[in-house]
Amino acid sequence: MSKLSTNSGNNDQSVPDWSAFAIGQRAWQLFSYLYDCKVSAPKEALSRVELSSAIHQRQMTDDNDEARAVSRVITALLPVVPSASEAASIELGSVKNLQPPLQSHRFSRDNIDPMLDAYSAIKQQVKGEFLQVFGHTIHDPQLQQELTGQIAIACLEALKGRLPESTEHWQSLVKNVLEEEFAEFNGLSSG
């Protein structure tokens, strides 16, 4: 490396061996990619399983599809951590760079618990106001449960997983989403 950077102090003006450097860089990229596949990917998968487990432990829903959707939204809202593959790439967007095998997220209870609390509060409000908005247009309890979950997930996503200080703000957002969903549902059922 010193030969490449300072020419080793002698007056030899020969061109450095950039091919050896490129081979070394490619080897490092491949090693980093392997690290991501063997270490980072299983860690990410385990963190996602733990998030799903936390959703089920809190008994937020009985519907597995809703639980997966909540998990997916919360994961998407978590901060992203650069992978080893990304750090090993010297030229962003180069064709020779390997695309990271996964997108790593920073799973921590400090990030996840407030989002789960927010989802619970939002879902409670959706359940409480569902009959006021939808009336008795839906008689199937399973459809009502699915709509309640979808509306709560859409609100959680719109609020970026955080409830603002002002309860009026997020509660009015939930009410608006409920009304929009009712208008769409009513338009579909009558058309």
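1. Is R58 buried, partly exposed or exposed? R58 is partly exposed, because its relative accessibility is 33%, which falls between the 20% and 50% cut-offs. The model is predicted, so please read every value here as computed from it.

2. R58 pairs with D117. Their side chains form a salt bridge, with N and O 2.6 Å apart. R58 sits in the loop between α2 and α3, while D117 belongs to helix α5, so the bridge ties together parts that lie 59 residues apart in sequence. D117 is partly exposed, since its relative accessible area is 42%.

3. R58 also pairs with D113. Here the closest N and O atoms are 3.5 Å apart, and the cut-off for a salt bridge is 4 Å. This pair again links distant parts of the chain, 55 residues apart. D113 lies in helix α5, which covers residues 109-134. R58 is in the loop between α2 (18-57) and α3 (64-77). With a relative accessible area of 22%, D113 counts as partly exposed.

4. Which side chain does E66 meet in a salt bridge? The partner is K123, at 2.7 Å from N to O. E66 is in helix α3 and K123 in helix α5, so this bridge too connects distant parts of the chain, 57 residues apart. Both ends are buried. E66 has a relative accessible area of 4%. K123 has 6%. Each value is under 20%, which means that each residue meets the cut-off for buried.

5. Some of these bridges share partners. Through them R58, R109, D113 and D117 are joined into one network. The count for the model comes to seven salt bridges. As background, side chains of opposite charge can pair when their charged atoms come close.

6. Helix α6 passes a length check. It has 18 residues, 141-158. At 1.5 Å a residue, these should span 26 Å.

7. Which residues of α6 are buried? They are L147, T148, G149, I151, A152, I153, C155 and L156. After α6 comes K160, which has a positive phi, near 55 degrees.

8. Points to view together in the structure: R58 with D117, R58 with D113, and E66 with K123. For the R58 pairs, look from the loop between α2 and α3 to helix α5. For E66 and K123, look from helix α3 to helix α5.

Methods:
Residues are numbered from 1 along each chain as its sequence is written. This is a predicted model: local features need pLDDT of at least 70, side-chain atom pairs count only at pLDDT 80 or more; totals for chains, interfaces and linings use all residues. Side-chain values use heavy atoms; hydrogens and water are left out. Helices (H or I, at least four residues) and strands (E, at least two) are DSSP runs, numbered from the N terminus. Buried means under 20% relative accessible area, exposed over 50%, partly exposed in between (1.4 Å probe, protein chains only). The expected span of a helix is 1.5 Å times one less than its number of residues.
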